[in-house]
Amino acid sequence: MGLFIPDDLYDSVVNNNYIPRSPAASIWTFIETDLASAIPNLPVVYDAADLGRATQGAAIALLGKTYLYEKKWANAQTEFTLLTQAPFTYTLSPVYDSLFSPTNQNSPEDVFQVMNEAWTSWSIGNQYSIFGGQETWGGQATQSDRAQEYGFNDWWNVYVTTNAVNAFHYPSPADGVTPYVDPRAYSTFYGTKASGGDSVYCEQCTTGKISYPFNASDPQGDYSWRKYEYYNLVPSYGGPQSGINGQVIRYADVLLMLAESYIQQNNVGSQPLGLINQVRARAGAIPYTSLGGSQTSAMNILMLERQLELCGEQSRYFDLIRWGLAQQVINAEESTEPGNNSIQPFQTKNLLLPIPDIEKDYNPNCVVNNGWN
(Lines give C-alpha, C1' and ligand atoms only; values in the text may rest on other atoms or scores of the structure.)
Protein backbone atom coordinates (compact mmCIF):
# COMPACT_ATOMS: atom_id res chain seq x y z
CA MET A 1 0.00 0.00 0.00
CA GLY A 2 1.43 3.36 -0.99
CA LEU A 3 1.66 6.51 1.13
CA PHE A 4 -1.19 8.95 0.51
CA ILE A 5 -0.09 12.59 0.27
CA PRO A 6 -2.71 15.34 -0.20
CA ASP A 7 -2.49 17.25 -3.48
CA ASP A 8 -1.22 20.45 -1.90
CA LEU A 9 1.54 18.63 0.01
CA TYR A 10 2.40 16.55 -3.07
CA ASP A 11 2.85 19.76 -5.04
CA SER A 12 5.08 21.13 -2.28
CA VAL A 13 7.22 17.99 -1.97
CA VAL A 14 7.56 17.04 -5.64
CA ASN A 15 7.55 20.38 -7.42
CA ASN A 16 8.85 22.62 -4.63
CA ASN A 17 5.91 24.97 -5.20
CA TYR A 18 5.61 25.74 -1.54
CA ILE A 19 2.34 27.24 -0.40
CA PRO A 20 2.73 30.44 1.64
CA ARG A 21 0.90 30.91 4.92
CA SER A 22 -2.50 32.51 4.50
CA PRO A 23 -2.92 35.94 6.14
CA ALA A 24 -5.11 35.87 9.24
CA ALA A 25 -7.57 38.24 7.56
CA SER A 26 -8.23 35.77 4.74
CA ILE A 27 -8.91 32.98 7.26
CA TRP A 28 -11.46 35.14 9.07
CA THR A 29 -13.08 36.00 5.73
CA PHE A 30 -13.32 32.31 4.89
CA ILE A 31 -14.97 31.57 8.24
CA GLU A 32 -17.44 34.43 7.79
CA THR A 33 -18.32 33.33 4.27
CA ASP A 34 -18.70 29.70 5.26
CA LEU A 35 -21.06 30.49 8.14
CA ALA A 36 -23.04 33.07 6.18
CA SER A 37 -23.63 30.57 3.38
CA ALA A 38 -24.62 27.85 5.85
CA ILE A 39 -27.20 29.91 7.77
CA PRO A 40 -30.01 30.00 5.15
CA ASN A 41 -29.51 26.30 4.39
CA LEU A 42 -29.90 25.09 7.98
CA PRO A 43 -33.21 24.50 9.77
CA VAL A 44 -34.24 26.50 12.82
CA VAL A 45 -34.89 23.21 14.64
CA TYR A 46 -34.45 19.50 13.98
CA ASP A 47 -36.81 16.70 14.86
CA ALA A 48 -35.87 14.25 17.60
CA ALA A 49 -34.08 11.88 15.23
CA ASP A 50 -31.52 14.55 14.27
CA LEU A 51 -31.30 16.37 17.58
CA GLY A 52 -27.80 17.72 18.16
CA ARG A 53 -27.01 18.67 14.58
CA ALA A 54 -25.93 22.26 13.98
CA THR A 55 -28.97 24.48 13.49
CA GLN A 56 -29.39 27.90 11.94
CA GLY A 57 -29.15 29.39 15.42
CA ALA A 58 -25.84 27.62 16.07
CA ALA A 59 -24.36 29.03 12.85
CA ILE A 60 -25.59 32.54 13.67
CA ALA A 61 -24.10 32.31 17.17
CA LEU A 62 -20.76 31.14 15.74
CA LEU A 63 -20.79 33.97 13.21
CA GLY A 64 -21.50 36.49 15.96
CA LYS A 65 -18.65 35.07 18.02
CA THR A 66 -16.38 35.30 14.98
CA TYR A 67 -17.20 39.00 14.72
CA LEU A 68 -16.36 39.45 18.42
CA TYR A 69 -12.90 37.97 17.80
CA GLU A 70 -12.46 40.34 14.87
CA LYS A 71 -13.68 43.31 16.92
CA LYS A 72 -16.53 43.91 14.47
CA TRP A 73 -18.83 44.91 17.29
CA ALA A 74 -21.81 46.19 15.26
CA ASN A 75 -21.84 43.04 13.13
CA ALA A 76 -21.72 40.88 16.27
CA GLN A 77 -24.63 42.83 17.76
CA THR A 78 -26.70 42.24 14.63
CA GLU A 79 -26.13 38.48 14.67
CA PHE A 80 -26.73 37.96 18.38
CA THR A 81 -29.88 40.11 18.29
CA LEU A 82 -31.35 37.73 15.70
CA LEU A 83 -31.27 34.94 18.27
CA THR A 84 -33.48 36.95 20.65
CA GLN A 85 -36.28 37.22 18.08
CA ALA A 86 -38.64 34.99 16.11
CA PRO A 87 -38.35 32.48 14.58
CA PHE A 88 -35.93 31.56 17.39
CA THR A 89 -37.38 30.63 20.76
CA TYR A 90 -34.28 30.40 22.94
CA THR A 91 -34.84 31.14 26.62
CA LEU A 92 -32.84 30.67 29.80
CA SER A 93 -33.48 27.39 31.57
CA PRO A 94 -35.37 28.17 34.81
CA VAL A 95 -32.82 26.30 36.95
CA TYR A 96 -29.12 27.01 36.34
CA ASP A 97 -28.08 23.79 38.06
CA SER A 98 -30.08 21.63 35.65
CA LEU A 99 -27.99 22.60 32.60
CA PHE A 100 -25.19 20.28 33.68
CA SER A 101 -27.10 17.26 34.96
CA PRO A 102 -28.57 14.14 33.37
CA THR A 103 -32.11 15.46 33.87
CA ASN A 104 -32.09 18.41 31.46
CA GLN A 105 -30.30 17.30 28.33
CA ASN A 106 -32.21 19.39 25.82
CA SER A 107 -33.51 22.69 27.11
CA PRO A 108 -34.60 25.89 25.31
CA GLU A 109 -31.24 27.36 26.37
CA ASP A 110 -29.19 25.00 24.22
CA VAL A 111 -27.88 26.67 21.07
CA PHE A 112 -25.15 24.14 20.27
CA GLN A 113 -24.11 21.16 22.37
CA VAL A 114 -22.24 17.87 22.17
CA MET A 115 -24.77 15.08 22.55
CA ASN A 116 -23.95 12.26 24.97
CA GLU A 117 -25.86 9.22 26.18
CA ALA A 118 -25.38 7.37 29.42
CA TRP A 119 -23.45 4.12 28.97
CA THR A 120 -25.49 1.34 30.51
CA SER A 121 -24.31 -1.90 28.89
CA TRP A 122 -22.02 -3.32 26.22
CA SER A 123 -25.05 -3.57 23.96
CA ILE A 124 -24.79 0.18 23.26
CA GLY A 125 -21.04 0.26 22.63
CA ASN A 126 -17.74 0.14 24.41
CA GLN A 127 -17.56 1.89 27.77
CA TYR A 128 -13.92 2.78 27.10
CA SER A 129 -14.29 3.84 23.46
CA ILE A 130 -13.32 7.36 24.51
CA PHE A 131 -9.79 5.97 24.88
CA GLY A 132 -9.86 4.09 21.57
CA GLY A 133 -9.78 0.33 21.26
CA GLN A 134 -13.38 -0.04 20.11
CA GLU A 135 -12.12 -2.21 17.25
CA THR A 136 -11.19 -4.85 19.85
CA TRP A 137 -13.62 -4.26 22.69
CA GLY A 138 -16.79 -3.25 20.94
CA GLY A 139 -18.49 -0.46 19.04
CA GLN A 140 -18.26 3.28 19.59
CA ALA A 141 -20.38 4.62 22.45
CA THR A 142 -21.49 8.22 22.91
CA GLN A 143 -20.96 8.84 26.60
CA SER A 144 -18.51 11.32 28.13
CA ASP A 145 -15.75 10.54 30.60
CA ARG A 146 -15.76 14.07 32.02
CA ALA A 147 -17.68 13.21 35.19
CA GLN A 148 -15.25 10.47 36.20
CA GLU A 149 -12.18 12.34 34.98
CA TYR A 150 -13.03 15.41 37.09
CA GLY A 151 -14.93 13.60 39.87
CA PHE A 152 -13.46 13.86 43.37
CA ASN A 153 -14.62 10.32 44.26
CA ASP A 154 -13.30 8.87 41.02
CA TRP A 155 -10.19 9.76 38.99
CA TRP A 156 -10.13 13.40 40.16
CA ASN A 157 -7.49 14.58 37.70
CA VAL A 158 -8.64 18.21 37.74
CA TYR A 159 -8.84 20.70 40.60
CA VAL A 160 -10.80 23.92 40.68
CA THR A 161 -8.28 26.69 41.21
CA THR A 162 -8.54 28.87 44.30
CA ASN A 163 -8.52 31.90 41.98
CA ALA A 164 -11.67 30.56 40.30
CA VAL A 165 -13.27 29.99 43.71
CA ASN A 166 -12.30 33.48 44.90
CA ALA A 167 -13.85 35.07 41.80
CA PHE A 168 -17.29 34.17 43.18
CA HIS A 169 -16.60 36.51 46.12
CA TYR A 170 -16.99 40.19 45.22
CA PRO A 171 -18.64 43.38 46.53
CA SER A 172 -22.43 43.23 46.40
CA PRO A 173 -23.96 44.90 43.32
CA ALA A 174 -26.52 46.42 45.69
CA ASP A 175 -24.04 48.81 47.33
CA GLY A 176 -20.59 47.97 45.91
CA VAL A 177 -19.24 47.39 49.41
CA THR A 178 -20.84 44.49 51.28
CA PRO A 179 -19.04 41.16 50.72
CA TYR A 180 -21.13 38.93 48.48
CA VAL A 181 -20.90 35.29 47.38
CA ASP A 182 -22.40 34.59 43.97
CA PRO A 183 -25.03 31.80 44.18
CA ARG A 184 -23.59 30.07 41.09
CA ALA A 185 -20.68 28.94 43.26
CA TYR A 186 -22.96 26.24 44.69
CA SER A 187 -23.60 24.75 41.24
CA THR A 188 -20.00 25.05 40.09
CA PHE A 189 -17.77 23.39 42.70
CA TYR A 190 -17.62 21.39 45.91
CA GLY A 191 -15.94 23.08 48.85
CA THR A 192 -16.76 24.63 52.20
CA LYS A 193 -19.92 26.51 53.10
CA ALA A 194 -17.84 29.67 53.41
CA SER A 195 -16.58 29.26 49.84
CA GLY A 196 -20.14 29.18 48.54
CA GLY A 197 -19.63 25.76 46.97
CA ASP A 198 -21.77 22.73 47.66
CA SER A 199 -20.61 21.06 50.88
CA VAL A 200 -22.66 17.84 50.65
CA TYR A 201 -23.28 15.20 47.99
CA CYS A 202 -25.40 12.08 47.50
CA GLU A 203 -28.53 14.10 48.26
CA GLN A 204 -30.65 11.58 46.36
CA CYS A 205 -28.75 8.41 47.31
CA THR A 206 -30.60 5.73 49.28
CA THR A 207 -27.91 6.00 51.96
CA GLY A 208 -28.57 9.71 52.44
CA LYS A 209 -26.44 12.78 51.87
CA ILE A 210 -22.75 12.86 52.76
CA SER A 211 -20.52 15.78 53.74
CA TYR A 212 -17.94 16.72 51.12
CA PRO A 213 -14.57 15.71 52.66
CA PHE A 214 -12.84 19.07 52.27
CA ASN A 215 -9.18 18.83 53.25
CA ALA A 216 -8.15 22.22 54.59
CA SER A 217 -4.47 21.23 54.55
CA ASP A 218 -4.41 20.36 50.83
CA PRO A 219 -1.77 22.66 49.25
CA GLN A 220 -3.87 23.01 46.09
CA GLY A 221 -7.08 24.04 47.83
CA ASP A 222 -9.16 20.83 47.62
CA TYR A 223 -12.00 22.37 45.63
CA SER A 224 -13.46 20.05 43.00
CA TRP A 225 -15.93 20.35 40.16
CA ARG A 226 -19.65 19.96 40.73
CA LYS A 227 -20.64 21.23 37.28
CA TYR A 228 -21.02 18.28 34.87
CA GLU A 229 -21.04 15.85 37.81
CA TYR A 230 -23.94 13.79 39.15
CA TYR A 231 -22.77 12.95 42.66
CA ASN A 232 -26.22 14.00 43.84
CA LEU A 233 -27.40 10.61 42.52
CA VAL A 234 -24.53 8.22 43.29
CA PRO A 235 -21.46 8.25 45.57
CA SER A 236 -19.10 7.23 42.72
CA TYR A 237 -19.35 6.27 39.05
CA GLY A 238 -17.22 3.18 38.56
CA GLY A 239 -16.52 3.95 34.94
CA PRO A 240 -16.44 6.70 32.30
CA GLN A 241 -20.15 6.56 31.58
CA SER A 242 -21.62 10.05 31.90
CA GLY A 243 -24.43 10.97 29.55
CA ILE A 244 -24.42 14.68 30.37
CA ASN A 245 -24.34 16.75 27.19
CA GLY A 246 -21.46 19.18 26.69
CA GLN A 247 -22.45 22.82 26.33
CA VAL A 248 -20.71 24.60 23.43
CA ILE A 249 -22.88 27.71 23.12
CA ARG A 250 -25.97 28.33 25.21
CA TYR A 251 -28.37 31.24 25.32
CA ALA A 252 -26.82 32.79 28.44
CA ASP A 253 -23.52 32.95 26.54
CA VAL A 254 -25.32 34.63 23.63
CA LEU A 255 -26.89 37.24 25.91
CA LEU A 256 -23.53 38.05 27.48
CA MET A 257 -21.84 38.29 24.07
CA LEU A 258 -24.63 40.60 22.93
CA ALA A 259 -24.07 42.74 26.04
CA GLU A 260 -20.37 42.84 25.23
CA SER A 261 -21.02 43.97 21.67
CA TYR A 262 -22.98 46.95 23.07
CA ILE A 263 -20.31 47.79 25.64
CA GLN A 264 -17.49 47.60 23.10
CA GLN A 265 -19.39 50.27 21.13
CA ASN A 266 -19.41 52.39 24.31
CA ASN A 267 -23.07 51.74 25.04
CA VAL A 268 -23.04 51.16 28.81
CA GLY A 269 -26.70 51.89 29.42
CA SER A 270 -29.91 49.95 29.87
CA GLN A 271 -29.46 47.50 26.98
CA PRO A 272 -26.29 45.70 28.16
CA LEU A 273 -27.32 46.15 31.81
CA GLY A 274 -30.63 44.39 31.14
CA LEU A 275 -28.92 41.52 29.34
CA ILE A 276 -26.42 40.93 32.16
CA ASN A 277 -29.14 41.15 34.81
CA GLN A 278 -31.30 38.71 32.85
CA VAL A 279 -28.54 36.11 33.16
CA ARG A 280 -27.98 36.92 36.84
CA ALA A 281 -31.69 36.77 37.68
CA ARG A 282 -31.98 33.19 36.51
CA ALA A 283 -29.33 32.17 39.07
CA GLY A 284 -30.86 34.30 41.82
CA ALA A 285 -27.92 36.72 41.87
CA ILE A 286 -28.40 40.32 42.99
CA PRO A 287 -28.87 42.58 39.93
CA TYR A 288 -26.60 45.48 39.07
CA THR A 289 -28.19 48.93 39.24
CA SER A 290 -25.73 50.26 36.66
CA LEU A 291 -22.57 49.26 34.80
CA GLY A 292 -20.54 51.99 36.47
CA GLY A 293 -20.91 54.71 33.86
CA SER A 294 -17.77 53.97 31.85
CA GLN A 295 -16.74 51.46 29.23
CA THR A 296 -13.92 50.22 31.48
CA SER A 297 -16.17 49.54 34.47
CA ALA A 298 -18.82 47.96 32.25
CA MET A 299 -16.26 45.64 30.66
CA ASN A 300 -14.96 44.65 34.10
CA ILE A 301 -18.49 43.66 35.12
CA LEU A 302 -19.05 41.81 31.84
CA MET A 303 -15.75 39.93 32.11
CA LEU A 304 -16.52 38.81 35.67
CA GLU A 305 -20.01 37.78 34.65
CA ARG A 306 -18.68 35.58 31.86
CA GLN A 307 -16.11 34.07 34.23
CA LEU A 308 -18.80 33.09 36.74
CA GLU A 309 -21.63 32.06 34.45
CA LEU A 310 -19.41 29.97 32.14
CA CYS A 311 -16.91 28.69 34.70
CA GLY A 312 -15.72 25.21 33.72
CA GLU A 313 -17.19 25.42 30.21
CA GLN A 314 -13.91 26.06 28.33
CA SER A 315 -14.71 29.70 27.56
CA ARG A 316 -12.49 31.77 29.82
CA TYR A 317 -9.12 30.96 28.24
CA PHE A 318 -10.33 31.99 24.81
CA ASP A 319 -12.05 35.07 26.23
CA LEU A 320 -8.73 36.13 27.76
CA ILE A 321 -6.98 35.53 24.43
CA ARG A 322 -9.39 37.72 22.47
CA TRP A 323 -9.39 40.43 25.16
CA GLY A 324 -5.59 40.55 25.03
CA LEU A 325 -5.35 39.65 28.74
CA ALA A 326 -4.22 36.02 28.68
CA GLN A 327 -0.57 36.49 29.57
CA GLN A 328 -1.25 39.10 32.23
CA VAL A 329 -4.11 37.29 33.97
CA ILE A 330 -2.78 33.72 33.75
CA ASN A 331 0.64 34.66 35.13
CA ALA A 332 -0.90 36.75 37.92
CA GLU A 333 -3.20 33.91 38.95
CA GLU A 334 -0.53 31.22 38.72
CA SER A 335 1.78 33.27 40.95
CA THR A 336 -0.83 33.23 43.73
CA GLU A 337 -2.17 29.72 43.22
CA PRO A 338 -1.19 27.40 46.12
CA GLY A 339 0.90 24.41 45.14
CA ASN A 340 1.76 25.76 41.68
CA ASN A 341 5.18 27.30 42.25
CA SER A 342 6.90 25.21 39.58
CA ILE A 343 4.58 26.05 36.68
CA GLN A 344 6.33 27.70 33.74
CA PRO A 345 5.05 31.24 33.09
CA PHE A 346 2.71 31.87 30.18
CA GLN A 347 4.86 33.27 27.38
CA THR A 348 4.09 35.47 24.40
CA LYS A 349 4.46 32.49 22.08
CA ASN A 350 1.64 30.73 23.96
CA LEU A 351 -0.81 33.21 22.45
CA LEU A 352 -0.43 31.20 19.23
CA LEU A 353 -0.71 27.49 18.60
CA PRO A 354 2.57 25.86 17.51
CA ILE A 355 2.92 24.83 13.87
CA PRO A 356 2.98 21.00 13.64
CA ASP A 357 6.38 19.56 12.70
CA ILE A 358 4.94 17.77 9.67
CA GLU A 359 3.74 21.08 8.25
CA LYS A 360 7.16 22.66 8.75
CA ASP A 361 8.92 19.63 7.27
CA TYR A 362 6.78 19.63 4.14
CA ASN A 363 6.54 23.37 3.66
CA PRO A 364 9.29 25.76 4.81
CA ASN A 365 7.11 28.72 3.78
CA CYS A 366 4.88 28.12 6.80
CA VAL A 367 7.75 28.56 9.24
CA VAL A 368 7.70 31.92 10.96
CA ASN A 369 9.76 32.88 13.98
CA ASN A 370 6.90 33.21 16.46
CA GLY A 371 8.76 31.77 19.43
CA TRP A 372 7.89 28.15 18.72
CA ASN A 373 10.42 27.56 15.94
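Student: Among contacts in the chain between residues at least 6 apart in sequence, what percentage join residues at least 24 apart?
Tutor: This is a predicted model, and the contacts considered here are those between residues at least 6 apart in sequence. Some of these contacts join residues that are at least 24 apart. Their share is 59%.

Student: Why is the chain said to be as compact as a globular protein of that length?
Tutor: The chain has 14 helices and eight strands. For 373 residues the globule rule gives 21 Å, and the chain is close to that value, so it is as compact as a globular protein of that length. The radius of gyration of the chain is 23 Å.

Student: What percentage of the residues of the chain count as buried?
Tutor: A residue is counted as buried when its relative accessible area is under 20%. Applied to the 373 residues of the chain, this gives a buried share of 44%.

Student: How is Trp156 classed by its relative accessibility, and where is it found?
Tutor: The relative accessibility of Trp156 is 24%. Buried requires under 20% and exposed over 50%, so Trp156 counts as partly exposed. Its contacts beyond four places in sequence include Tyr212, Asp222 and Ser224. Trp156 is found in the loop between helix H6 (146-150) and helix H7 (162-167).

Student: How far apart in space are Trp156 and Val95?
Tutor: In sequence, Trp156 and Val95 are 61 residues apart. Taken from C-alpha to C-alpha, their separation in space is 26 Å.

Student: Which residues does the disulfide join, and why is it left-handed?
Tutor: A disulfide is a covalent bond between the sulfur atoms of two cysteines. The torsion about the S-S bond is about -85°, so the disulfide is left-handed.

Student: Are Cys202 and Cys205 buried or exposed?
Tutor: The cut-off for buried is under 20% relative accessible area. Cys202 has a relative accessible area of 0%, and Cys205 has a relative accessibility of 11%. Cys202 is therefore buried, and Cys205 also counts as buried.

Key: Residues are numbered from 1 along each chain as its sequence is written. This is a predicted model: local features need pLDDT of at least 70, side-chain atom pairs count only at pLDDT 80 or more; totals for chains, interfaces and linings use all residues. Side-chain values use heavy atoms; hydrogens and water are left out. Helices (H or I, at least four residues) and strands (E, at least two) are DSSP runs, numbered from the N terminus. The radius of gyration is taken over C-alpha atoms; the globule rule is 2.2 Å times the number of residues to the power 0.38. Buried means under 20% relative accessible area, exposed over 50%, partly exposed in between (1.4 Å probe, protein chains only). Contact means heavy atoms within 4.5 Å. A disulfide is a pair of cysteine sulfur atoms within 2.5 Å.
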